[in-house]
Amino acid sequence: MTLTATISHAEAVTRLGRALADETRTQILLALREAPAIPSDLADALGVSRQVMSNQLACLRGCDLVAAVREGRHTWYRLSDDHIAHALDELLRVTLFVDPGCCSTEGCTCS
């Protein structure tokens with residue numbers, strides 16, 4: 001199946017690019033690719049303040065890349081669509097093509 005790119009397609013790809021342009025947002029997306037998480041846990045895992053995490057999650061929500069689900073006293077964040085996880089997997093494969101030395105059978109040294 002071939003898709004014809006439209007302005008809305010270009011806008012969607014631009015939103016993804018804008019989100020990935022910031023390392024913290026990229027780390028958040030990669031973390032949420034693994035499992036949903038609450039902001040405080042994400043902030044601790046990524047070594048950023050809770051305010052920074054809140055701002056970055058708001059940006060990702062604004063780009064429709066993550067969704068918030070309220071459960072009791074916690075708000076869990078997850079990728080808004082499974083296609084995003086697949087797209088991130090493909091981007092990681094492209095990264096390995098561009099820099100094949102960072103990952104090998106002994107392990108990954110990409111940061």
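Analyst: Glu 90 and Arg 93 are three residues apart in helix α5, so about one helical turn separates them. Their side chains meet in a salt bridge, with N to O at 2.7 Å; the term denotes a side-chain nitrogen of Lys or Arg within 4 Å of a carboxyl oxygen of Asp or Glu. Glu 90 is partly exposed, with a relative accessible area of 46%, and Arg 93 is likewise partly exposed, at 48%. On this scale, buried means under 20% relative accessible area, exposed means over 50%, and partly exposed lies in between (1.4 Å probe, protein chains only).

Salt bridges that share partners join Arg 33, Glu 34 and Asp 89 into one network. Asp 89 forms a salt bridge with Arg 33, the closest N and O atoms being 2.6 Å apart. Because Asp 89 lies in helix α5 and Arg 33 in helix α2, this pair ties together parts that are 56 residues apart in sequence. Arg 33 also forms a salt bridge with Glu 34, where the closest N and O atoms are 3.3 Å apart. In total, the structure holds three salt bridges. Side chains of opposite charge can pair when their charged atoms come close.

This is a predicted model, in which local features need pLDDT of at least 70 and side-chain atom pairs count only at pLDDT 80 or more, while totals for chains, interfaces and linings use all residues. Residues are numbered from 1 along each chain as its sequence is written, and side-chain values use heavy atoms, with hydrogens and water left out. The pLDDT is the predictor's confidence in each residue, from 0 to 100; its mean for the protein is 87, and 80% of the residues reach 70 or more. Among the elements, α3 has the highest mean pLDDT (98) and strand β3 (residues 103–104) the lowest (66).

Helices (H or I, at least four residues) and strands (E, at least two) are DSSP runs, numbered from the N terminus. Strand β1 (residues 66–71) and strand β2 (residues 74–79) pair in the antiparallel sense over six bridges; pairing requires that DSSP find at least two bridges between two strands. Arg 70 stands opposite Thr 75 in β2. Two residues lie between the strands of this hairpin, in which Gly 72 takes a positive phi near 60°.

A nonpolar core is a set of buried Ala, Val, Leu, Ile, Met, Phe, Trp, Tyr and Cys residues joined through side-chain atoms within 4.5 Å. The largest such core has 18 residues, of which Leu 29 and Leu 32 touch the most other members. The elements giving two or more residues to this core are α2 (23–34), α3 (39–46), α4 (50–62), β2 and α5 (82–98). Leaving aside neighbours within four places in sequence, Leu 29 is in contact with several residues, including Leu 60, Val 66, Leu 79 and Leu 88, where contact means heavy atoms within 4.5 Å. Buried residues make up 23% of the 111 residues in the protein.
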